[in-house]
Structures are given as structure tokens and as C-alpha cells.
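Reader: I am new to this structure. Please show me how to read it, one feature at a time.

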Amino acid sequence: MSTQQSNRFFFNVDWITILIYIALCTVGYVNIYASVPSHSSADSSMFNFGSNYGKQLIYVIAGLVLGFSILLLDAKFFSVFSPIVYGVTVLLLIIVLIVGRNVGGNQAWISLGGGFRLQPSEFAKFGTALLLARYISSFSPKFRDLKSIAFAALIMGIPLILIMLQPDAGSALVFLAFMFPMYREGLSGYFLLIFLGMIVLFVADFLVPLQILIPIILAIGGIFVYQNKRKQKVMFSAIIVTIVAIAYLFVVRIAYEKVLKPHQRTRIELILGLKIDPKGVGYNVIQSKIAIGSGQLTGRGFLQGTQTKYGYVPAQSTDFIFSTIGEEWGFVGCFVVIGLYLFLLLRLINLAERQRSTFSRVYGYCVASILFFHVFINIGMAIGIVPVIGIPLPFISYGGSSLWSFTILLFIFLKLDSNRMGFI
Amino acid sequence: MDNLFNRKYIVQGLFIVVSLILLGTLFYIQVFSDKYFLSAESNVLRKLYTFPARGVILDRHEKILVQNEPVYDLMVIPNDVKEFDTLELCKIIDIDTVKFRKNFKKALNQSRYQPSIFEKQLSVSIYQSLSEKLYRFPGFFVQSRTIRQYPDSIASHFLGYIKEVSPTDIERSEGYYRPGDYIGKSGVEKSYETALRGERGVVNMLYDAHNVPKGSYAEGKFDTSAVSGEQLISSLDIRIQKLGEELLKNKVGSIVAIEPATGEVLAFVSSPGYDPNLMVGRQQGNNYMDLLKSPNRALNIRPIQGYYSPGSSFKPLDALIGLQEGVIDENTTFNCPGYFKVGNHTTKCEHVDGDIALRKGLARSCNTYACYVFQKLLTQKKFNRNQKVAYDYWQKKVKLWGLGDTLGIDLPGERRGRLYDAAYYSKKYSKYWGYSTVISLAIGQGEMDATPLQMANIMAAIANKGYYIKPHLVKSIGKNHVIKKEFVKKNYVGVDARHFGPVIDGMQDAVNAPWGTAVASRIDGIIMCGKTGTVQNPRGKNHSVFIGFAPRDNPKIAIAVIVENAGFGGTYAAPIASYITEKYLKDSIAPNRRDRVEWMKRQIILPAPPKPKVKPKAAILDSAGKADSLKKSINSAEPKKTTDLPNIKNPTLIKNEHSAKQ
């Protein structure tokens, strides 16, 4: 690879996205620094590498090196090696189930020695994204036939189930993000509607008693059937949907009682407002909301948040990092951070759409969708509108595995984008 | 690629909608609601209070009436409690395990992490044995505070008492008081609460999630140290207060003494009283209930709450108003045939003196004379013989003396007394009434009631020859000797100074002339002026009343004494007044009178308990706080009166009887 070539690549790289990336990493570093319980004069240096924020600085620098190394690789590499990358990540997911370290109830970590450890589920995301992109680009299916849908679902499903087994429902849930690229490539919108319908019915199942819910479903189904009585096919599927919907309600109830663990049940009940429990499971959420709420419009100032300083929010530097932002920077800070994310997501979609190759486009959608799921679920749980699912806030939460996996995820796409004029 | 390209907008639209949902929720919890901000404050901020010592109350010569004594509250932080020998702790602080569990539960309910009171007011000796072993009871610690202590056990009604604040107190104070604080509930403790309580100190501490203190909030900018309550110099004279309480021991009644020139209350005795030390300490609640149930209501503050007809002690007012209005002069004589008769009304007089003028009329407490003056006042020509207008005029004049309304003493619970206007009688007698209808008012009977304080105050006004200063209990607050302006203002009673001479002459004779009603109470070397009263009591024996002042020139003390159910004013009330006056002016009682003082102290004059429904279980306390002697007397159904009268020179009791009403 000549110098001229590499110059050309760097010139084509979308620098705006890289700037947002650096901005978000900086936000992360600053807030992780603030989340350290107390800053005594001895270790208050911004570069104390024994502390979380010191380590995060290393991760960020290493992440940048990693990212720019990816930019130096050949764009064809990702398409060609995608089955291998996928295979390795799946292998790691199997290994972690056998030799993994149990942290916080989930067997999700592989120890690397020296205090560093790896979370394979983070890396499974771009592995899956690569293979999905490769599969869809290989023959351009329009997702009209069941076979291609089933195969894409298999690519998505294997890591999902392996992560479920850890058990880490939160990370597994993120794999549903792959429905967006599939939708973009032709998967019927009904799948998304059915998916949405399942969530609505799931929530309704908890809030409305069956003797009210079932008549409502029957009534809606009835009206639909009546209106389409001429079109036999539509009428027929409407009847099926109604019956399936009612059956689904019972399945949810039974699954809820038999499958979910008590702590998962409690989390769901807390979110739906069926239970109030300030000292137990709800503690995180209440303290996080207090922290964010106490920030008010302009925040309490850097290092001035009492909730943050005095350790009232558990897991603050990792999953609940957003509470620090909310407390110390207020609504203004939250607005800026969410604005940055939204800008990044919209830009990624636009970048994806300008790709010539299907592979790059699908991969771009995968990146945007995964980031979207993480941001929405993470911030949503910090402000109490989504159940507590332990997944990190991309680029901001403390942790090497998550930062690097998001970096790889993003920079592969930036590489593909910079090469959009070439052919893969 | 038709519609598939458009799906981009659906995906991007979804991103935007979800972002707006997040921002909307954030806006609500951060900007719209301040609930979370307040929760964050209460998470980290703990206020630790230090309690100030309550102000000391002194008598007028700066002798201590009430002071502070340290006690120790056992505190607990339930979260810090680890396993320990409960039985041992119970034994040390003298409670049983049931109480222990109850206390602990109460503390736990209050807060898991904040200290709360486990057991209140441990004595010094309990504290000493506890402090050695305290290390064995993790989570417990001792906080010292002070309680009231009364060295002489006197002046309970005057001083009042303090008590733990009630929820209503907390509400009314708008958050100043907190559970466990003490507040003045009656007497000086209540009326001077804000001066006495001092200022609580507060340390604002920050605590982290593990309840570890993290230093002070805002570098102690909002911290304050406790400021002790202000010292109060009261007007009371401990010597005569003590003597008064002893003299009224085993009797029901009041003594009020006022310094006329200043309006300062020198003695304030209400009997039966109680030992103020009972209202302190862990038994306060029980003692209070016992006192509440006691016969003769020991908690009543009789000097400002007791209603008595002024009786004959009202007669100087008749004369003074008569003189001021010009309906009589000091030489005007009326004929006393032994009664005063108008229409069907006959007011009896105990003696037949024939023509009688002012000076003698007062000295002998002549009812007829008083009635004639009253008749003249209400039939003055200037009112065109409209007796109702004349009555209202008279009532206004009487009110100037502080009757019929509260005087505004700095004690809570003062009552107004009774004095009605013409409208009241017009309503009652359907317009057909005149002076003869209300003639009993002339001799201080009928529909007129005064508190002992009001009676003493009248004497102060006479002693001052025309004005009084609002009676008050406190000479100065704090070291700067602050006193309220209203307590130096002269209140004029509407009678010119020149009219007082003859009236004071009459009152001097009442105590000093051979024909006076209180001559038995004459003090050698002091000219006391006074007036006896024997007040009809619809519920039993007459009350014995004496009001007066001394010395005649430049008076130093005005006094009112009421002994309930003791009969003639010259027998009990007048001697008591004379002893107190003598003690106050000469600092000791003449040796030849000391026997009589002791005799007086021994007298037991108590009303029969009104049909003993419940046998009083509680020890009733007399003024000096010794319960035993009284206990016996309560159990006896008959009112006892020892009959070994000492050598009182003139026991020929001249009784004023009257039957004003038909």
C-alpha cells in the first residue's frame, strides 16, 4: 500500500463522524472522572492510571489507535473474512460459558490477566453485523422467501441465544437491532408491526385484566373482519391474527410465571409501576432519577453532584453513567449528548445510503441500529422508562471491551465508506 | 429500488421520535419537577443539632428560681446496632425488655440511619454506670441536654413548666421545633419561650451512600453553634413567695403582691400548688395526669384565673368615683340604721352607726354608706335621671380600674373577670331596672367578678393615687435589661389624686383604728392601708379577702389575699397579708408575731370534696410540695378547721352580711 493510496483513504474518511466519536469519548472520560467516589488530593491527577478514569484514558487512546489501524486495512478484508470473524466471536461466546468469570450474576467475562478482561458479547455484535451484511449482499434477497428470512434469523439468533445463556438478556436484546437493516433490505414492514404489536400486548397484559383485554382484541378483530368480508384472504388472516394475539396473552402470562427469574419479574413490575420498592431493585433507578432530576436545567457543575460524589448511584461509571451527565450538566448537558447521538445516527444512515455496495449499506444500517438500541435502552433505563437492562452507553460508559467493540464497529464502517468508490 | 429507499426515512424518523421521547422525559424530571432535587438534598444532608441551655430565671434579687441540670438521652442509630446483651442494657437504664423492643421499633420507624432518642433523660448516676459499658452496645450513644431544676421548689404557677413539643406545636412553629424539642407550656416558661429557649446549633453534614460522613456542607457556611437562652430576672421576691406558699399551705386561695411604682409582681401564690420539680424528668407525664385529677385543681392558676366577687374590697372604688363625680365629699354623711332599703330591696349592714361619713364608712366597711353612694351615682342629674346611661357611665369608670377585662399580664391564661354593661341588664330585666336592681354591685357582689390580680392591681392604683402600671412578671430579659414599653406606661384610672386622701384615711383606719375591721393585723411601725372583704360564695362558706397596700406614704407593696371558705376577711386574709407585708418591708417578722405565723401555716381549710366519685389515688401537693399532711385532709369528708385560735387581740368579728338579691 503506497503512501499516496493511504492519503487518498484518509481524505475520503468521514471526519465529522470521527469528531463526534472523539467528542463522545471525551464526555465519557470526563464523567467517569467525576464518578469516582472521592477525589482526595493524592490521586486527583487526571492521569492516575490505577483508577477507572486513568484506565479509560488508556482505552480511549488504544481505541483511537485501533480505529486508525482499521482504516489502514484493505476494505475487502471485512467482506472476505466475515465468516471467520463471526466464527471466532461465536467460539468466544461458547468459551465464556465454560471458563468465563461470573460478574454480577452474568457469566460474561474472560480473564486476560493483569486485571484486564474481555466481554465476548460486545465483539459478537460486529461479527454478526459483518456476516449479515455479507449474506444479504451475496445474492440480494428481498426477504420475500421464508428461506432467506430464516437464514438471516439464524445468523442473528446463534449469538443471541448464546448470550441469553450467560444469562445476559440485555445484551441479547440488542441483537434485535438487526431487524432494521433487514427491514431496509426488504423485510416486510409487517414483521416490525408484529414485533411492535407483541411489545404493546406484552405491556397491556400486565396493566389490563384479561376480561377487558380479550373483548377489546375481539372487537378490533371483528371490525377488521367485517370491513374485509369481501376479501376472503385478508379476512382469513385477520381471524388468525386475532386468535394468535389472544393465545399470545396467555403464553406471556405463563412464560412470565415460569420462565422469568424473580429479579427479572420485579424489574418489569417496577417499570410498569405495579410495584414500588425504593430499597430493593428500584434503588438504582430511583437514585439515578434523583441524580438526573437534581441537575435541573444547567446542572450542579463538574464534580459538584452529590449523588455522584457520594456514591448514591450504583454502577455509575458503567451502566448508569448518564446519571452523572444529568446531575452535573443538567438538561443542557443531556440535550447536547442526545443531540450528538442523534446527529451520529442520522449521519450513519445517510452514509449508508450513499454506499454503492449492498455489503457496506447493510453494515452501515447494522452499526446505526446497534448504537440506537444501546443509546435508547441505556438512557431509557437511567430515567426509568425502560427496565433495568445492563448495557453500556456507547463510547461513554467505562470499560475497554465495550469501547473497543463500538470503535471497531464504527471504524469498519468508516473504512468501508472511505472506499465507497471502489468495489468490494 | 422504489419504496425500499424511502425506508431510510422511516428508520431515521424512528430515531428522531425516540430521541424526542427521551428529551421530553428529561425535561420533565429535570426542569419541570423539583421533586428530585429535594430528594438529592435529603439523601446527603444530615443536620446534627446541638442543644442550648435554657435561660435561667432569677428572682428580683437575682436569686435562682429555676436553673438547669444535665441529663442524658440515650440515642441509637438502628443501622449501626450489632448483636449485644440486651438484658444488660435494660438493667442499666432500668427498663424491661418489652419497653426495649418498643423503643427500638419506634427508633427504627423514625429512621434507620439517623440517630433517634432511645430513652430520655437518664440521671447522672445511670449515665455514669452506662458510660463505662457503652462500648459494648454498638449503635448506642449518649447525648447530653439539660432539664429544669427548681432549688426551692416554689412558684410553680408563676414559672410554669416545659414539655416535649406536641405535633401541633411543631406545626404552629412552621418547622422551628422538631420532635424531641422542649417548649414552655405555661407560666413564664411559655410567655418568654422565645427568649428562654436560646438558639439551637446545627452542623450540616454530608453523608455518602454507605452512611459515612463526608465532611461538612459548604465548608460549614451554614453551621451555627448553640446559643444559650437569655437569663430572665423576674419581678418575684423569693422571700415573700416562699412565705406566701407556706401560709397558704393546706388552704385554697391566692396571694398577689405588686410593687405599685413599677407594676412588678412580687408574689404570685396559687394554692394548692405543686412542686415544679414534678414537671421534670421521666415521670413528668404521670405526675401531670395525677395533678390534673387532683381535687381543688392544683394546676389552676388562681391569681389570674380564679373568679371572686370583690365584696367589701370594692367599697373604696365607690367612694373614689363618688368623690370624682362630686356626688359626695369627704364630709357627706348618710344615716345607717343597720340596713339600706329601697323598694323591696334590703341590703343589711352588720352594725348600726347612725350618721356615718366616708372615713369611718370605709374603716367599718359600712354597706349602707356604699349603697347610698351608688344610688347617688346612678341618679345624677347630668344623665336626666336616665339610670341606664348613668350605669354605663359608672361601668366605664369601673373598667378604667382594670376590672371586667384582662390586664394583659405576661402570663398565658389570664381571665377577664365579669362586669356587664347596661345592655346586658336591659336584656335580662326587659328594660325595667334601675340602681336598686343592681345595688349589690355597690358592695362588690352580684354580677361582678374579679381575679386576685385585678384586686391587687386596684390597690396599686390607689397606692399610686390614680394610676397603675400593667402588672408584669419580668424585670429584665438578658444582660441588657430589656423591658417591654407597655410595662412602664401609666394607666390612669380617672380619679384625681386629691380625692385619694380621705379614702386612704379610711383604709388606714380599717387596719389601724380600734374600730377597723382588720385591726388585728396591724403591723408595728408600718402603716398599712387596707380593706377586708367577706365574699359570699354560692357553693359553700364565705371567702376571706383582704386587699391593701403599705406603707401609707410612698407605698412599696400592694397586695390581695384570698382564702377560700375561710369566712371573715379579718381572720385569715388580713393577717396573711400583714405577714407578707412585714416580711417584705422589714425582711423579718416581729418576734411577738412569729407564733401566729406558724399557727397560720398549720391551718387546714379545705372545701369538702364534692362527693368522692373516684378515690383520689394521687398525692396532692400543697404549696410547699409536701404531700402527706394534705393527703389525710382530703380523705376526711368534712372541711377541717383547727380551732386553737391564738391570742388574736380582737376576735369580735364584725361580719358584713347582705342579701342583695331577693
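**Inside chain B**

Author: The buried residues of H10(B) are B:Ile238, B:Ile240, B:Gln241, B:Lys242, B:Leu243, B:Gly244, B:Glu245 and B:Leu247. A residue is buried if 20 or more other C-beta atoms, placed from the backbone, lie within 10 Å of its own, exposed if 12 or fewer, and partly exposed in between. Helices (H or I, at least four residues) and strands (E, at least two) are DSSP runs, numbered from the N terminus. This is a predicted model, where local features need pLDDT of at least 70, side-chain atom pairs count only at pLDDT 80 or more, and totals for chains, interfaces and linings use all residues. Residues are numbered from 1 along each chain as its sequence is written, while chains are lettered from A and ligands numbered from 1 in the order in which they are written.

Reader: Why is helix H10 of chain B largely enclosed by the rest of the structure?

Author: Of its 10 residues (238–247), 8 are buried, so H10 of chain B is largely enclosed.

Reader: What covers the buried residues of H10(B)?

Author: The cover includes strands S3 (64–76), S11 (253–259) and S12 (264–271), and helices H20 (573–586) and H21, of chain B.

Reader: How do I read a sheet?

Author: Strands of a sheet pair through backbone hydrogen bonds, either parallel or antiparallel. Two strands count as paired if DSSP finds at least two bridges between them. In chain B, an open sheet of 5 strands has the order S12-S11-S24-S23-S22, with antiparallel pairing. S12 and S22 (529–535) of chain B stand at the edges; each has a single partner strand, so one side of each lacks a neighbour in the sheet.

Reader: How many bridges join S11(B) to S12(B)?

Author: There are 7, and the two strands run antiparallel. B:Glu259 has B:Glu264, in S12(B), as its bridge partner. H10(B) packs on the sheet and touches S11 and S12 of chain B. Its direction makes about 20° with that of S12(B). Axes are lines fitted to C-alpha atoms, for helices over the stretch in contact, and angles run from 0 to 180 degrees between N-to-C directions.

Reader: Is B:Pro607 buried or partly exposed?

Author: B:Pro607 is partly exposed, because 15 other C-beta atoms lie within 10 Å. B:Pro607 is found in the loop between H21 (594–602) and H22 (628–635) of chain B.

Reader: Where do the chains touch?

Author: Two residues are in contact if their C-beta atoms, placed from the backbone, lie within 7 Å. Here 30 residues of chain B are in contact with 35 residues of chain A. H1(B) gives the most to chain B's side, with 17 residues.
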